[in-house]
Structures are given as C-alpha cells and as structure tokens.
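The sequence and structure are shown first, and the description follows.

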Amino acid sequence: MKTLKVLAPLALLAATSLSLSSCQEKANVEVKNEVSETTVNQIKTLGFSTAGAQKVAGGVIVEGDIMLTDEMLSSTPDYKMMRVGQDEQYRTTNLVGGLPRTITIRVSTSLPSAYITATDELIRRYNAQNLSLRFSRVTSGGNIVMNAAPSGSSYLASAGFPSGGNPYGSVSVNVGAIGTANASTYIATILAHEVGHCIGFRHTDYMGRQYSCGGSAVNEGASTVGAIHIPGTPTSPDPNSWMLACIGSGANRPFNANDVTALNYVY
C-alpha cells in the first residue's frame, strides 16, 4: 500500500472525499529501484504485474503491497483462481498447510498501541469464521510479525505469500502513512488484508483495479492456468471484499458474505 498524489487512484488522499488508499495504482507509478529484465520475466511468469515493481531486500514488491521473495521468483507455481461473482476471489497455489493449526501474530514494540487493537480485531474477524486456521496474538515469537516499514517506504503496508506450507512471516506497516486513528475499523481492515496475502489470497479485483481504485482500467496480471468457481456465490459485482485493491480513507471492510465463502472454501 502506498501514499500517492492526485493522479494515483490508490492513494491515501486526505484532501478529497473521493480519495482512496490501497495497495498501489500501477499505471501511474514510476518504477523505483528498477528490476532486471530477468526479474521482470520471472514476475510475469508468476502471473503478476511488472508495472511499478520495486526491488527490495530479499525480493521485489509488486502490485503495491505483495512481496515476492527471491525463492518465489525462481519458482513456477501453478496459480489457481477462485471466482466470486464478476469480481472474483483469487488464491495462489501457495497456501498454509498442516491444518488445522493456529497462526500466531506478534505486534512489534516499534508500533503504536493502536496496532495491537487493530491486530486483536483482525484476529477476532478471522476466528469468528471458525476456519481450520485460527489466529492468536503473542508477545514473543510469532508466525507473522507486524513490523514498522523501513524509513522512506512508499507503501502503506506490504506482505507476501505462504512458503513451505507456512504463512508469510511479516507485515511491514507504514505508520506515518496510516496513522493511529480508527484502529478497530480502518487499520484492522488494512492489516486483515495483508494477513490475507500472508495466507495466500490475491486482490479480488486484480483483473480490473479500476473497480475499487477508480481511474483507467489496470490489470495487475494473472496466470490463466486453472480456475475454481465457488458454488453459491452471486454473479453481481462484489464492492466490499476485504481483498479489494483499494479502500476509502478511514473506511471499514469486515468480511462480507462472499469473503466468508472464499475463506471457508480454502480453509
């Protein structure tokens, strides 16, 4: 997630009620720390957009908030998609294994107390679904750690996908961009979204980010290998999914009915 100026629909724009914060609009974002041609090809092979890809320690960040590690870049997983209505839920082949199991989450002491409140709320939201994955907050260790993002980071928050049957191990949080207000609603929604990535979910609207972000049509990039339709889901658009790419500043997105179907289908 990233804080941008007026031209980027995925921004956190306090100046206008139409402003949006999200995981990052690709069409108008200049590439920072330009990646090599080899890495660009690897990103495409994995089915992700290369627009705005940023080289970081240990891999690259794509689509605004998704960390692809060097290990993932060198692999060729068979991505499969979950469809929910016209704006669909998607997962990667990389999922959490060893089910049922409890995933522990720790909030770094470098983060304000609002992020503990937000983490407790996201845990409540997931656990209320009675999934084969449960979540618990701990004060030491942790399968997933909420950390402060490096100084100068251009995103709101960032996370990656599971590896080896385990969730991605960290969520980088840009406190300066997100702030501390609305901990149990807005911040909890952002963190729940990133945990969604950690357990294997992609953006609901990656096929057309303008759906939640506004502006011109942008396809984040997709593998076309395999598609799994979730029975019983509607055919109408899904405007409130927790995994949509963009969200209004200060907004709240608890799981909607389609999210619940998607979560239960996978876990």
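T119 lies in helix α3, residues 114–127; helices (H or I, at least four residues) and strands (E, at least two) are DSSP runs, numbered from the N terminus. The model is predicted: local features need pLDDT of at least 70, side-chain atom pairs count only at pLDDT 80 or more, and totals for chains, interfaces and linings use all residues. Residues are numbered from 1 along each chain as its sequence is written, and side-chain values use heavy atoms, with hydrogens and water left out.

T119 is buried, at a relative accessible area of 0%, where buried means under 20%, exposed over 50% and partly exposed in between (1.4 Å probe, protein chains only). Beyond its neighbours within four places in sequence, T119 contacts I105, V107, R137, M146 and L191, contact meaning heavy atoms within 4.5 Å.

S132 belongs to the loop between α3 and β7 (133–138) and is partly exposed, with 21% relative accessibility. Leaving out residues up to four places away in sequence, S132 touches L99, P100, R101 and Y267.

The side chains of both residues reach a backbone oxygen, as tabulated here.

| Side chain | Backbone oxygen | Distance |
|---|---|---|
| T119 | Y115 | 2.7 Å |
| S132 | Y267 | 2.5 Å |

Helix α1 (residues 37–45) has T39, V40 and I43 buried. Seen down the axis of α1, these buried residues fall within an arc of 105 degrees, so they line one face of the helix; the arc is that of the directions from the helix axis to the C-beta atoms. Their cover includes β3 (59–62), β4 (66–69) and α2 (70–73). On the face turned away from the buried side, α1 carries the exposed residues E37, T38, K44 and T45.

How values were computed:
Polar contact = N/O pair within 3.5 Å; in protein donor to acceptor, adjacent residues only side chain to side chain.
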